[in-house]
Amino acid sequence: MAISTGTKKIKTAVFISGTGSNLENLIKFSKLVKSPISIEQIISDNPKAKGLKFGKYFKIKTAVYNFRNINKAEKEILSDLRKKKINFICLAGFMKILSKKFIQNFRGKIINIHPSLLPKYKGLNTHQRVIKNKENFSGCTVHIVNSKLDAGKIILKKKVKISKKENSKSLARKILIQEHKLYPRAIKKLLSSL
Ligand code: GRF
């Protein structure tokens, strides 16, 4: 597979709070010649986020911000991103809600992946709620981030069939496989339309 040197790509930051499987997947995607992004910064609110290890592994800068004071954290992040000329943000399992003010600095340039077929099942514990409600389908959605939780314009969705024996863990695993396919596709779709 052809690997690019990263020139002329849109400088991107990925925000994470946990495992970072989507982060790893996006980093691999960003290294392809045809990828429109280069990942220059990994940001986390959680110093224990397992995904931070991918920074070391792929030689990408990581930074952890304390969101107990969200205002201060966002100001510092903004200044950090400006210095690095980053103008595209991918949220990948980032568990903090960004303020309206922060989002306004990146109009239409912050996107998120959510493990449900939005607008259904916004928020947390998605898989548990889906199973409890005996849904036949769930899935994942990539959307633009606005000031309302999981409510911005939808870029792409992927539907997943729920089997009779499904539990929230097996469903999460099934959907994560689709997330890894959907997120790069959604990035290409969005950035080619700008
Ligand atoms: C994913 O299911 C994503 O949709 C949700 O949080 C999970 C993060 O997983 N927002 P990972 O950290 O990328 O492995």
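## Close-up views of a predicted model

**View A. Pairing of strands E2 and E3.** In this predicted model, strand E2 (residues 37-44) and strand E3 (residues 61-64) run parallel and are joined by four bridges. Within the pair, Gln41 stands opposite Lys61 of E3.

**View B. The loop between H2 and E3.** Lys59 is located in the loop that links H2 to E3. The phi angle of Lys59 is near 55°, a positive value in a residue other than glycine. Most residues other than glycine have a negative phi.

View C. The ligand sits in the largest pocket. Helix H1 (21-30), strand E5 (110-114) and helix H6 (168-192) are the elements that give two or more residues to the shell around the ligand. The residues that surround the ligand are Thr19, Gly20, Ser21, Asn22, Gly93, Ile113, His114, Pro115, Leu176 and Glu179.

View D. In the side chain of Ser21, an N or O atom is 2.6 Å from an oxygen atom of the ligand. Asn22 places a backbone N or O atom 2.9 Å from an oxygen atom of the ligand. For Ile113, a backbone N or O atom lies 3.2 Å from a nitrogen atom of the ligand. On its own the ligand has 370 Å² of accessible area, of which the protein covers 81%.

**View E. The peptide bond between Leu118 and Pro119.** Leu118 and Pro119 are joined by a cis peptide bond, with omega about 15°. Most peptide bonds are trans. Pro119 belongs to the loop between E5 and helix H5 (126-132). Strand E5 is also one of the elements that give two or more residues to the shell around the ligand.

Methods:
Residues numbered from 1 in each chain as written. Predicted model: local features only at pLDDT ≥ 70, side-chain atom pairs only at ≥ 80, totals over all residues. Heavy atoms only, no water. Pairing = 2+ DSSP bridges. Near = heavy atom within 4 Å. Polar contact = N/O pair within 3.5 Å; in protein donor to acceptor, adjacent residues only side chain to side chain. Areas by Shrake-Rupley, 256 points an atom, 1.4 Å probe, with all protein chains shown as cover. 1 Å grid on protein atoms, 1.4 Å probe; cavity = no way out; pocket = protein on both sides within 12 Å on 5 of 7 lines; lining within 4 Å. Sits in = over half its atoms within 2 Å of the grid points.
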